[in-house]
Amino acid sequence: MARKRRAFFTVKEMRELMDVNQFQNYVHMPNEIYSDFTRAFAELKEETDNGARSSHIAYAFGYTFLAHYMWRYARYYTWDNAKGSVPINEAIIKQVLGFPAKSEAYTWLTKNKTGFLEQIGYNNKVTDKPIAYYDDEDRIDLFFSMESECGSPDKVNHKGWKVAMPVKGIWRKPEDKGKSTFETGTFHIIDNTHMIDMDTFIYFITNPELGVEGFYLYSFLKFMTDKFNNAFDCSNERMARMTGLSLDTIKNQINNLERYNMITNDHKPYCLDKPKDKKCKANTYGIFEYDQFAKNLMQMNVIRKQVKISKERYEREVGWANEREIDGNIVDTDTGKIIRSVSKFSVGDIEDMDMDDLPFEFQ
């Protein structure tokens with residue numbers, strides 16, 4: 001069973017820290033982030049022995065999401081009645097993600113220059129940061145006022161404090177910075193993105209059962225269900241390959257997401273005596289948005305047990321995943337061989353003599 005993480009902030013404290021409101025909530029994340037992360041972590045495991053696992057890739061995703069949110073809404077300081085303006089530094093961000101402020105287990109992901117996220121082109125550590133944002137008069141493009149342009153004594157560098165600049169928020173591809181005269185990142189062009197809101201992030205992070213792993217998996221399903229009209233077919237094994245999460249983490253978090261009414265799952269039956277040349281269909285998933293999540297125990301779902309049926313019933317009621325009707329034939333999509341023909345029945349096929357045997361008058 002996955003270890004529960006600690007929530008260092010309440011929902012109210014988190015919303016205040018990140019200044020979440022109806023105008024400051026949503027972030028558009030690049031669709032390619034999952035394939036980029038999965039590929040990079042797979043290569044990392046092959047080349048090094050750093051023990052990368054599910055929590056690392058999920059932490060990297062949560063950190064990258066926060067980097068996008070904080071830059072997009074210029075949220076790098078919070079107010080403390082005793083201390084005044086306080087920087088939201090790396091120690092606080094670790095706690096926001098559900099880890100102790102002094103934890104070093106994930107620092108290798110976010111280090112300046114040598115960090116994993118910087119090496120794969122997702123974050124750059126910089127000193128200058130936005131302190132305000134605004135739209136143009138047509139509300140089409142987004143602009144930032146940078147701290148270096150302000151000169152306010154309250155906005156000063158704190159002992160070399162650097163923040164994570166979300167590269168893809170500004171330039172979608174590294175070469176765009178030198179070739180394009182305008183920013184091409186997700187802050188400016190939302191093509192090929194999916195939208196995630198901070199309220200959803202806070203819901204996950206403040207729930208020890210969900211944490212960064214649950215948030216990462218939900219965000220992945222949000223991306224995929226956007227593509228497939230809220231009906232994404234996927235096995236646990238394939239989902240593990242596509243996200244880089246372990247199979248155990250997938251199973252555990254799918255269960256959590258369904259219990260908290262965050263996703264739908266059709267729970268296709270299990271075939272007891274499946275033939276070797278047949279493949280069962282994967283479950284179909286859909287997602288719910290934040291306002292539909294379970295807010296109390298009464299709204300939690302009870303996960304139904306998987307039904308076990310015979311191969312005859314499975315073929316009749318569900319159908320095999322590797323069989324498809326093409327031009328009137330049932331074809332094995334793995335081999336391309338025709339399994340059988342589909343008989344087409346119509347009224348025109350009925351002989352006159354057969355009409356006499358019908359138990360009703362046919363007109």
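Mentor: Contact here means heavy atoms within 4.5 Å. The model under discussion is predicted.

Trainee: Which elements do the buried residues of helix 12 pack against?

Mentor: Buried means under 20% relative accessible area. In helix 12 that description covers Thr249, Ile250, Gln253, Ile254, Asn256, Leu257, Glu258 and Arg259. Their packing partners are helix 3 (54-72), helix 9 (198-205), helix 10 (211-227), helix 11 (236-243), strand 10 (263-265) and strand 12 (284-287).

Trainee: How many Å apart are the end C-alpha atoms of helix 12, and what span should its residues give?

Mentor: Helix 12 runs over residues 247-259, which is 13 residues. At 1.5 Å a residue, these should span 18 Å, and the distance between the end C-alpha atoms agrees, because it is 18 Å.

Trainee: Which residue just after helix 12 takes a positive phi?

Mentor: The place to look is just after helix 12. The phi there is about 60 degrees, and the residue that takes it is Asn261.

Trainee: What is the volume of the largest cavity?

Mentor: A search of the whole structure gives 4 cavities of 30 Å³ or more. For the largest cavity, the volume is about 110 Å³.

Trainee: Which element gives the largest share of the lining of the largest cavity?

Mentor: The lining of the largest cavity has 13 residues, with Tyr63, Met70, Glu90, Ile93 and Ala164 nearest its centre. Two or more lining residues come from each of helix 3, helix 4 (90-96) and strand 7 (163-166). By class, the lining has 10 nonpolar, 1 polar and 2 charged residues. The largest share, 4 residues, belongs to helix 3.

Conventions. Residues numbered from 1 in each chain as written. Predicted model: local features only at pLDDT ≥ 70, side-chain atom pairs only at ≥ 80, totals over all residues. Heavy atoms only, no water. Expected span 1.5 Å × (residues − 1). Buried < 20%, exposed > 50% of the residue type's maximum accessible area, 1.4 Å probe, protein only. 1 Å grid on protein atoms, 1.4 Å probe; cavity = no way out; pocket = protein on both sides within 12 Å on 5 of 7 lines; lining within 4 Å. Points joined across faces, edges and corners; volume = space filled by probe spheres on them. Nonpolar A, V, L, I, M, F, W, Y, C, P; charged D, E, K, R; others polar.
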